Amino acid sequence: MKILVVGGGTGGTIVANNLARRLSAEIRARKVRLTMLSASDRHMYQPGLLYVAFGQMTPDQLYRDQASLLESNIDFHVDPAVTFDLDKRKVVTKSGKTHEYDILVMATGSRIVPEQIPGLAEGAHTFYSEEGALKMFRRLREIEEGTVAVVVGVPHKCPIAPVELIFSLHDYFKSRGIRDKIKIKYHYPIGRLHTIQNVAVWAKPEFERMGIEHETLFNVKEVDVENKIVRSEEGTETQYDMLIAIPPHRGMEAIEKNGLGDGGWIPTDRYKLTMNGHDNVYVLGDTTNLPVSKTGSAAHFQAEVVSENIASIVKIGIPVRDYDGKVYCFIEAGHDRATYAMFDYLNPPDLKSPSKPMHWFKMAYNQMYWTSVRGLL
Amino acid sequence: MSDTKIVDARDTFCPGPLMELITYMKQSNVGDTLELLSTDDGSGNDVPEWVDKAGHELVSNERVDGVWHIKVRKAK
Ligand SMILES: Cc1cc2nc3c(=O)[nH]c(=O)nc-3n(C[C@H](O)[C@H](O)[C@H](O)COP(=O)(O)OP(=O)(O)OC[C@H]3O[C@@H](n4cnc5c(N)ncnc54)[C@H](O)[C@@H]3O)c2cc1C
């Protein structure tokens with residue numbers, strides 16, 4: 001049996017390591033072959049980008065060598081998948097190599113596409129890439145006064161990031177002693193401050209306490225870079241001195257080019273995590289089209305289901321478990337406090353009051369992530 | 001005239017039904033109709049509010065057996 005994992009980020013790495021352990025005897029006996037293809041020899045801890053944007057971490061601290069995170073019985077190649085032939089069960093890579101498979105795992109993640117909104121790539125800062133986060137920090141250090149506007153593209157990964165960004169901005173300008181000279185204005189695509197109702201209700205008085213201005217039902221239409229104005233689809237506009245965007249996202253180009261899913265999002269069964277119409281193709285993480293937050297946490301819970309099911313298929317011929325929609329998100333709430341939201345398809349998030357211990361737990365998790373992707377946590 | 005595309009956002013708290021609809025509207029062409037399915041109580045009001053403000057067209061809005069069926073045509 002040939003198992004091919006495409007994507008060596010959060011989801012793909014956990015699946016591969018988990019399978020490597022569950023199927024170690026079968027791999028040793030050469031009954032199973034476990035291969036991973038990825039686009040990079042490095043693995044980035046993406047949530048750390050927010051710290052880079054505020055000068056609290058340097059980029060080198062975000063990376064580990066991908067090979068060092070993988071069990072030794074995984075055949076790992078830095079050679080991105082280019083062509084998918086799902087009928088013939090073959091993947092062709094950039095180097096021209098063909099990989100046949102019996103079971104395919106798709107975990108290629110998502111990418112930012114600021115260029116989809118006129119002026120956004122030129123006019124807005126973002127912390128959703130290493131280069132962007134560093135540039136944003138330089139600008140944050142420079143700015144002395146004026147309006148910092150925050151806008152949010154749809155869809156985007158890490159839905160809690162816009163709110164965390166606001167707390168970080170408030171704390172940062174306070175620490176520089178210029179908070180009273182900076183107006184922070186938050187814009188959000190739907191009619192409340194956050195898509196999770198409880199987070200929206202909690203954020204409102206917090207934003208008011210910090211003096212954050214806000215406008216909802218604001219979907220970015222264009223940025224007039226010269227005049228420093230951001231306009232919405234809904235017909236409003238904001239003048240800014242510094243614009244920060246959570247850019248809109250799409251799935252990877254290879255997904256779109258192979259016609260596997262509109263926007264690069266692969267149509268996925270929300271319980272089985274298989275691609276619709278292809279029971280031997282598992283999909284997890286950002287690249288699914290599921291109505292589930294695009295987070296490392298969702299990718300992690302999905303990876304556990306996917307690996308348990310693939311191992312069961314090898315051992316007893318059938319999968320054993322459904323994904324219940326589980327997501328767990330830390331929410332940094334400023335002043336060294338944090339809280340979290342946990343929910344699944346049926347149970348809404350119940351938000352606890354932010355506390356310092358939760359913040360320290362999140363700080364510890366920033367390191368524990370590496371244990372987690374090794375499949376040990 | 002294209003077929004109606006179903007956006008199944010039942011039982012989702014994050015990103016939530018309206019965010020899902022906006023995602024699919026962006027991927028659609030002008031003139032396309034999308035039907036949003038939502039189990040969120042608020043959708044019956046907050047989806048039409050956005051559709052109106054963003055200048056799209058609300059085709060129908062009804063709740064059947066606890067599920068909102070909201071049809072929206074992309075107008076621009
Ligand atoms: C600023 C920021 C803050 C975040 N904060 C949080 C947070 O606090 N909590 C949280 O849970 N999540 C957070 N996230 C989101 C989280 O990082 C992602 O949702 C998560 O990494 C998704 O996992 P994935 O496996 O789907 O994709 P990724 O981890 O992005 O991995 C995708 C992999 O696919 C590879 N790949 C791409 N194309 C190909 C190809 N054609 N062939 C082979 N391989 C390919 C890439 O090289 C990469 O290794 C944050 C993200 C950002 C950017």
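An oxygen atom of the ligand sits 3.0 Å from an N or O atom in the side chain of A:Q46. That is a polar contact (a pair of N or O atoms within 3.5 Å; within protein, one must be able to donate a hydrogen and the other to accept it, and residues adjacent in sequence count only if both atoms are side-chain atoms). The table lists this pair with two others.

| Residue | Atom of the residue | Distance to a ligand oxygen atom |
|---|---|---|
| A:Q46 | N or O atom in the side chain | 3.0 Å |
| A:T10 | polar backbone atom | 3.0 Å |
| A:D286 | polar side-chain atom | 2.9 Å |

On its own, the ligand has 1000 Å² of accessible area, and the protein covers 91% of that. Accessible areas come from the Shrake-Rupley method with a 1.4 Å probe; for residues, only the protein chains shown count as cover.

The model is predicted: local features need pLDDT of at least 70, side-chain atom pairs count only at pLDDT 80 or more, and totals for chains, interfaces and linings use all residues. Residues are numbered from 1 along each chain as its sequence is written, chains are lettered from A and ligands numbered from 1 in the order in which they are written, and side-chain values use heavy atoms, with hydrogens and water left out.

**The ligand shell**

The ligand is surrounded by 32 residues. A residue counts as near if one of its heavy atoms lies within 4 Å. The closest are A:G11, A:Q46, A:A81, A:D286 and A:S297. By class, the shell holds 14 nonpolar, 14 polar and four charged residues. Here Ala, Val, Leu, Ile, Met, Phe, Trp, Tyr, Cys and Pro count as nonpolar, Asp, Glu, Lys and Arg as charged, and the others, Gly among them, as polar.

Which elements of chain A each supply at least two residues of the shell? They are α1 (10-22), β2 (33-38) and α10 (296-316). Helices (H or I, at least four residues) and strands (E, at least two) are DSSP runs, numbered from the N terminus. α10(A) gives the most to the shell, with three residues.

**Chain A**

Six strands of chain A form an open sheet with mixed pairing, in the order β5-β2-β1-β9-β20-β19. Strands pair if DSSP finds at least two bridges between them. β5 (75-78) and β19 of chain A are at the edges with a single partner strand each, so one side of each has no neighbour in the sheet.

Inside the sheet, β1(A) (residues 2-6) and β9(A) run parallel, joined by four bridges. A:V6 is opposite A:M106 in this pair. β9(A) (residues 103-106) also pairs in the parallel sense with β20(A) (residues 278-283), over three bridges. There A:L104 faces A:V281.

β19(A) (residues 274-275) pairs with β20(A) in the antiparallel sense over two bridges. A:T274 has A:Y282 as its bridge partner. Two residues lie between the strands of this hairpin, and A:G277 takes a positive phi near 85°.

α1(A) lies across β1, β2 and β9 of chain A, at about 165° to β2(A). Contact means heavy atoms within 4.5 Å. Axes are lines fitted to C-alpha atoms, for helices over the stretch in contact, and angles run from 0 to 180 degrees between N-to-C directions.

A further hairpin joins β6(A) and β7(A), with four residues between the strands; A:R89 has a positive phi near 55°.

**Chain B**

Chain B has an open, mixed sheet of four strands in the order β1-β2-β4-β3. Its edges are β1 (5-9) and β3 (57-64) of chain B; each has a single partner strand, so one side of each is without a neighbour in the sheet. The twist averages 15° from one strand to the next.

β3(B) and β4(B) (residues 67-73) run antiparallel, joined by seven bridges. B:E57 is opposite B:R73. α1(B) (residues 17-27) lies across β1, β2 and β4 of chain B, at about 160° to β2(B). α2(B) (residues 43-54) lies across β2, β3 and β4 of chain B, at about 10° to β4(B).

Most residues other than glycine have a negative phi, and most peptide bonds are trans. The bond from A:V154 to A:P155 is cis, with omega near -10°. A:P155 lies in the loop between β11 (146-152) and α7 (161-175) of chain A. The bond from B:C14 to B:P15 is also cis, with omega near 10°. A:D336, not a glycine, has a positive phi of about 55°.
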